[in-house]
Amino acid sequence: MGRTHARVVIWLTFLTLMLSSLAFALLQSR
Amino acid sequence: MKAATKQWLWLLLYFFVLLAPLIVLLIGPRPAPREFWRELSVALGFSGLALMGVQFIPTARLRPLTNVFPMDDVYYFHLRAALIAFALVLAHPLILFLFNPTAVRLLNPLTAPPRITLGLVSLLALAALIVTSIFRKPLKISYELWRLVHVILTPVTIIVAMLHMLGVDYYLSLPWQRGVWIGLTVVWMGIIAHNRLTKPLRLLRRPYRLVDSKPETGRAWTLVLRPDGHEGFRFMPGQFAWLTIQRSPFGMRSHPFSIASSAASSNQLQFTIAELGDFTSRIGEVPVGEVVYVDGPHGSFSIDRYDGPGYVFIAGGIGSPPMLSMLRTMRDRRSHKPAWFFYGNPEWESVTFREELETLKQELDLQVIHALERPPAQWDGETGFIDADMLRRHLPDNRNELVYFICGPQPMIAAVLAALRQIGVPPNNVHTEQYDMV
């Protein structure tokens with residue numbers, strides 16, 4: 001783990017939450 | 001278990017804890033569907049809160065975590081993750097206002113329902129946390145005040161956001177869904193309680209005494225601590241601890257310092273601390289016999305964590321104590337591995353440990369390369385900052401197989417990382433520790 005890995009985890013966090021929020025909204029909206 | 005395996009397990013746990021609260025909302029009977037934008041706004045709010053909650057784990061100084069991940073990377077991650085959480089939580093009301101502009105009137109706490117005002121308070125508290133963290137130095141906020149703000153506003157942000165969610169009561173109508181989110185909040189608050197109560201209590205029962213305090217060259221002091229009524233702890237060379245000096249362990253004034261002593265010698269601990277900030281400028285005045293509380297050991301910046309055929313230590317100024325710990329340990333273990341120590345300082349008079357390094361050169365297969373910004377007359381050593389050419393001049397052909405440890409201020413670390421990339425050292429062989437990480 002180094003700074004590069006930390007950056008990867010940050011980006012993965014952002015993408016995971018954005019995608020899961022989108023999926024949540026698609027599943028739940030009419 | 002190997003460190004890399006532990007890192008993967010921690011990351012799996014992290015993504016599970018991050019996503020579980022969202023998934024919980026989609027299990028079982030769901031409320032009536034609404035417009036896409038409204039649902040997206042709500043989902044972003046939930047995501048932001050889940051990410052905020054997870055922040056309690058990296059910052060709790062839990063040893064199983066700090067011994068696996070470099071602490072400065074953990075703080076680097078924490079600040080940016082908090083920024084993402086803030087962006088997600090901010091997007092929640094902004095999207096609502098964008099698609100329903102009349103909802104802006106809900107920003108008035110005098111007329112808005114309390115559940116909405118609670119959401120606003122949580123958002124403002126999070127904004128205050130972020131502003132005081134990013135702009136602590138420009139705003140001239142002391143370390144202690146900043147920590148106090150953090151300790152107070154963090155639970156406020158989370159609890160008030162939770163009350164907002166429970167007040168809106170749209171997705172948390174089933175008792176077990178409420179149970180999961182409330183349970184998570186209890187765990188998050190439990191981590192704070194552990195940090196603020198149970199950990200200080202344990203430190204109180206395991207005090208250390210300052211048995212010696214001696215000045216070093218380079219306006220630094222070496223403090224020697226001995227465990228008082230207990231056995232102390234074992235540590236890996238290069239690790240650090242949080243020290244609380246002349247204060248209660250329940251207070252805000254603990255500071256991280258690298259252990260400078262050998263991990264192979266007695267249970268005494270040595271810390272060499274430069275006179276830099278408010279706290280450290282009076283470090284030499286601490287009387288011998290004083291009680292010191294030591295929260296440690298923490299960190300993974302160690303030759304015991306990252307083994308190799310030889311080691312290259314690169315320190316700027318007071319980034320040298322963890323290197324000394326590793327070199328002293330190598331001496332006590334009679335290590336025959338080759339080592340190089342690149343040591344950058346403004347001038348010869350500011351080189352801490354310079355005499356001891358000469359002795360260590362006799363005892364180890366060690367080359368010490370001093371790099372001075374303002375060298376004295378007749379100086380035939382290196383000058384200026386540590387760069388790629390300087391590294392090439394002193395390192396052997398197998399330099400790509402060696403393990404590198406860099407410690408110093410952030411700009412110096414960044415410059416050395418660039419130089420190592422330039423000479424082709426694989427990033428996996430390079431480990432860093434920023435001494436002003438908080």
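Me: Helices are DSSP runs of H or I with at least four residues, and strands are runs of E with at least two, numbered from the N terminus. Which elements each supply at least two residues of the lining of the largest cavity?

Reply: This is a predicted model, where local features need pLDDT of at least 70 and side-chain atom pairs 80 or more, while totals for chains, interfaces and linings use all residues. Residues count from 1 along each chain, chains are lettered from A, and side-chain values use heavy atoms. A cavity is a set of points on a 1 Å grid over the protein atoms alone where a 1.4 Å probe fits but cannot get out; lining residues have an atom within 4 Å of a point. Both chains contribute here: helix H1 (3–28) of chain A, with helix H1 (3–26) and helix H4 (71–99) of chain B.

Me: Which element gives the most to that lining of the largest cavity?

Reply: The residues closest to the centre of the largest cavity include Leu11(B) and Phe77(B). With 4 residues, the top contributor to this lining is H1(B).

Me: Which element gives the most to the lining of the second largest cavity?

Reply: Among the residues closest to the centre of this cavity are Arg61(B), Arg147(B) and Asn195(B). Helix H7 (175–205) and strand E3 (240–245) of chain B give two or more residues each. The most, 5 residues, come from H7(B).

Me: How many residues apart in sequence are the parts that Arg61(B) and Asp295(B) tie together?

Reply: Their side chains meet in a salt bridge, 3.5 Å from N to O (a side-chain nitrogen of Lys or Arg within 4 Å of a carboxyl oxygen of Asp or Glu). Arg61(B) sits in the loop between helix H2 (36–54) and helix H3 (63–66), and Asp295(B) in strand E6 (residues 291–298), so the pair ties together parts whose separation is 234 residues.

Me: Is Asp295(B) buried or exposed?

Reply: Buried means under 20% relative accessible area, exposed over 50%, and partly exposed in between (1.4 Å probe, protein chains only). Asp295(B) has 6%, so its class is buried.

Me: What class of exposure does Asp307(B) have?

Reply: Asp307(B) forms a salt bridge with Lys337(B), at 2.6 Å from N to O. Lys337(B) has 27% relative accessibility, so Lys337(B) counts as partly exposed. Asp307(B) has 57%, so Asp307(B) counts as exposed.

Me: Which residues do salt bridges that share partners join into one network with Glu356(B)?

Reply: Glu356(B) in helix H9 (residues 354–363) and Arg328(B) in helix H8 are 28 residues apart. The closest N and O atoms of their salt bridge are 2.6 Å apart. Shared partners join Glu356(B) into one network with Arg328(B), Arg331(B) and Asp332(B).

Methods:
On a 1 Å grid over the protein atoms alone, a cavity is a set of points where a 1.4 Å probe fits but cannot get out, and a pocket is an open set with protein on both sides within 12 Å along at least five of seven lines; lining residues have an atom within 4 Å of a point.
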